[in-house]
Amino acid sequence: MKVDVAIINGTIVTMDSNYTIVPKGFVLIRDKKIYSIGPMEEFPTNDYSEIIDVDNHLIMPGFINTHTHLPMVLLRGLGENLALHDWLTLIWKYEAKLTTEDFYLGTIIAGLESIRSGVTCVHDMYLDEFPIGKACEDLGLRAVLSYGMIDLFADNQIEKRESELNITKQLLKKWPAENDLITITIGPHAPFTNSPEILLESTKLARKYNVPIHIHIAETKKEKKDFEAKHGKTSVQYLEDLGFFEGVNVIAAHCVWVTDNDLAIFKKRNVKVAHNPASNMKIGSGIAPIPKMLEAGIPVGLGTDGAASNDNLSMLNDLRLVPYIQKGMHLDPTLISSKEVVSMATIDGARVLGMEDRIGSLEPNKLADMIVFDLNDVNITPSSNPYSLIVYSLKEYNLKHVLINGKFVYKDKKFIDPKKVKRDISSFKKLVDNLNKRVKRNG
Ligand SMILES: [Zn+2]
């Protein structure tokens, strides 16, 4: 038996279906996958290429960020104190000036920030996913990418619709579903930015390529009011009547302004939710009814959203906001357990992306996407309940190792990405300065 890496002596939070915790155990990695897991008493003596001793460390599946817009790190801090629709108008002005280099380097910066907060898989929606995918490959970061299609507001809507769908088709060809690092979802941006035609074409593509759809739904009160005024129904009911949810896997981001009837539609159509607590708070969009979703058995994953509405990509920040917000708002400390939150950030996130057979928990034969936190620090002592520790106490600086596809991308608190990507902050600042100049020139 040839095993690449043995990680030993750690507390393993597996997130398997029994929520098994191994107090002092080992994880063996062979090729890209987990070969076996067990208590140290059963550690097999062997000829290992590398043994990493992680005594008093916590080993867990990497976090899955189910909704983000990576290159928006370039717009971090813009649009302070603006509501979503005014915020979007400002952001779109900047996005119109982004270059291929911006998308690539923006994603490098965002990817590094993600990895350093324990993220091993991102679900992105943005404008030019080709350089974004290239950057994720160079970082060794698992990514599920969707081109954010918008066909309304164009002078020639039919032409725009065709070109939007074509870009998505090109992405599906470049990164087919079998790819072991990058895959594609179909991304109509939102019901209020797309025609019924492109929404239905999206479902056809999703069925043809057997991939999920990624869309923003019911993010704001304005969307709900506008749909009720124009169509006499919520955006969820509008999509249901259109046939949008039929026979496809839909990943719906935000879902703040959903009614009980909307949630019944989600349940019936197996719609999955990407919950973005920090972004929903910062843009003042509102509080998503997460306890109701969980009670209904709707899969809920966690997302940071873009760094321009958060303003960071730390999943740990979003993890703890989930219970803080719900417990505080409902005056009920029994709502949302730490275990449920860790599930959202790991195995349920994998379920949301339809990848639960490959990632999201530490089990033999799954891809070895895992993170290791060093517990030798003041902020995490004592550490009796691992779930509570993960949600409420851990900080990014406690993160020691990150592995994706069985390879270290962050080891001993240092990045070791496969391509040695450019990451100096001065060239990143120059990029942002140039973007600002281009936007100002055009008023
Ligand atoms: Zn978003």
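Modeller: In this predicted model, axes are lines fitted to C-alpha atoms, for helices over the stretch in contact, and angles run from 0 to 180 degrees between N-to-C directions.

Colleague: Which residues of helix 11 and helix 12 meet?

Modeller: Met315, Leu319, Val322 and Pro323 in helix 11 meet Val341, Met344 and Ala345 in helix 12, and by class this contact has 7 nonpolar, no polar and no charged residues.

Colleague: What makes helix 2 mostly covered?

Modeller: A residue is buried if 20 or more other C-beta atoms lie within 10 Å of its own, and 13 of the 16 residues of helix 2 are buried. Helix 2 (residues 100–115) reaches 22 Å from its first C-alpha to its last, close to the 22 Å expected at 1.5 Å a residue.

Colleague: How do you know whether Asn194 is buried or exposed?

Modeller: Asn194, in the loop between strand 10 (187–188) and helix 5 (196–209), has 22 C-beta neighbours inside 10 Å and therefore counts as buried, since the cut-off is 20 or more. Not counting residues up to four places away in sequence, Asn194 touches Met149, Ile150, Asp151, Leu152, Pro188, His189 and Leu199.

Conventions. Residues numbered from 1 in each chain as written. Predicted model: local features only at pLDDT ≥ 70, side-chain atom pairs only at ≥ 80, totals over all residues. Contact = placed C-beta atoms within 7 Å. Helix = DSSP H or I, 4+ residues; strand = E, 2+ residues; numbered from the N terminus. Nonpolar A, V, L, I, M, F, W, Y, C, P; charged D, E, K, R; others polar. Expected span 1.5 Å × (residues − 1). Buried ≥ 20, exposed ≤ 12 C-beta atoms within 10 Å, placed from the backbone.
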